[in-house]
Amino acid sequence: MPQPERPPLVDDDALDELEREWFGRVHGRVLEIGAGEGENFGALALDVVWTGLEPDGPRRAELAIRAREWGHEAAPLAASAERIPVPDGAFDAVIASYVLCTVPDPGAALAEVRRVLVPGGRLVVVEHVGAPRGTVKRTVQRLATPCSVRWCHGCHLDRDTEQTIADAGFRAEEVRRVRAPSLPLGAMPILLFDGVAPA
């Protein structure tokens, strides 16, 4: 049985460019879950009305400063993705960058994302994900995940995030897969997902 073709290997600069392209697609009222310290501000279109969600206090403080520097008025929300404190249908798009690997319950987080999006709203995700099942890389990820959860902000290296997104009801419009260097585990699979919530 033929093996599936491996995604292309890209360097850090190429991955950064892909991330900017993906997040540059969203417009209108945009929620960024797990916004960190605001690394994605430079990718956003000028018409974006941004709201950030960041549960970590020190990161959220830095995020608030950077948000003001980029002209975003809304104070970042102190909440987790599993409980987003906004009304239903509050956003036109939600973006997430290396977040769904860290949330304790990605299914619940995506249910909340779906709730806060308008019908047909956009979900754009860039995420490192589990390698195909049965591969050596997947075994390495599974063995390394207890360490990454403890030392890397709760990161699960072996999650099937694309399936979780589909299970939450989002319809893919474009999906791209690449691999990017990662020490000490070697090239890691990256998922770029652009899809919509049910109308």
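This is a predicted model: local features need pLDDT of at least 70, side-chain atom pairs count only at pLDDT 80 or more; totals for chains, interfaces and linings use all residues.
Reader: Fine. Where does cysteine 155 lie?
Author: Cysteine 155 is in the loop between helix H4 (136-151) and helix H5 (161-167).
Reader: Buried or exposed?
Author: Buried. The cut-off is under 20% relative accessible area, and cysteine 155 has 7%, so it counts as buried.
Reader: How far is cysteine 155 from tyrosine 98 in space?
Author: The C-alpha atoms are 8.7 Å apart. In sequence the two residues are separated by 57 residues.
Reader: And where is tyrosine 98 found?
Author: Tyrosine 98 belongs to the loop between S3 and H3. Its relative accessibility is 24%, so tyrosine 98 counts as partly exposed.
Reader: What about phi of tyrosine 98?
Author: Near 55°. That is a positive value in a residue other than glycine.

Reader: Switching to the strands. How do S3 and S4 pair?
Author: In the parallel sense, over six bridges. Valine 94 has leucine 123 in S4 as its bridge partner. Serine 97 stands opposite valine 126, also in S4.
Reader: What do S3, H3 and S4 make together?
Author: A right-handed β-α-β unit.
Reader: And S1 with S3, parallel or antiparallel?
Author: Parallel, over four bridges. There, glutamate 32 faces isoleucine 95 of S3.
Reader: Then S4 and S6, parallel or antiparallel?
Author: Antiparallel, with seven bridges. Valine 125 is set opposite phenylalanine 193 in S6.
Reader: How many residues of S3 are buried?
Author: Six of its seven, so S3 is mostly covered.

Reader: What does isoleucine 165 touch?
Author: Leaving out residues up to four places away in sequence, isoleucine 165 touches Leu100, Leu110, Leu123, Val125, Phe170, Leu191 and Phe193.

Reader: What is leucine 110 in contact with?
Author: Setting aside neighbours within four places in sequence, leucine 110 is in contact with Leu100, Leu123, Thr164, Ile165, Ala168 and Phe170.
Reader: And how far apart are leucine 110 and arginine 159?
Author: Their C-alpha atoms are separated by 14 Å. Along the chain they are 49 residues apart.

Reader: New topic: rings. How many aromatic pairs?
Author: The count comes to two aromatic pairs. Phenylalanine 41 and tryptophan 50 form an edge-to-face one, 4.8 Å centre to centre with 75° between the planes.
Reader: Are those two buried or exposed?
Author: Phenylalanine 41 is at 2% relative accessibility, so it counts as buried. Tryptophan 50 is also at 2% and counts as buried.
Reader: And phenylalanine 41 with tryptophan 70, what are the numbers?
Author: The ring centres are 6.3 Å apart and the planes are at 35°, so this pair is tilted. It links distant parts of the chain, 29 residues apart. Phenylalanine 41 is in the loop between S1 and strand S2 (49-53), and tryptophan 70 is in the loop between helix H2 (57-69) and S3.
Reader: Tryptophan 70, how accessible?
Author: Its relative accessible area is 44%, so tryptophan 70 is partly exposed.
Reader: What do the ring pairs link into a cluster?
Author: Phe41, Trp50 and Trp70.
Reader: Last one: what sits over the ring of tryptophan 22?
Author: The charged end of arginine 25, at 3.8 Å from the ring centre.

Note on methods: Residues are numbered from 1 along each chain as its sequence is written. Side-chain values use heavy atoms; hydrogens and water are left out. Contact means heavy atoms within 4.5 Å. Rings of Phe, Tyr and Trp (its six-membered ring) pair if their centres lie within 6.5 Å; planes under 30 degrees apart count as stacked, over 60 as edge-to-face and the rest as tilted. Buried means under 20% relative accessible area, exposed over 50%, partly exposed in between (1.4 Å probe, protein chains only). Helices (H or I, at least four residues) and strands (E, at least two) are DSSP runs, numbered from the N terminus. A charge sits over a ring if NZ of Lys or CZ of Arg is within 6 Å of the ring centre and within 35 degrees of the ring normal. Two strands pair if DSSP finds at least two bridges between them. A crossover is right-handed if, with the strands pointing away from the viewer, the path from the first strand over the helix to the second runs clockwise.
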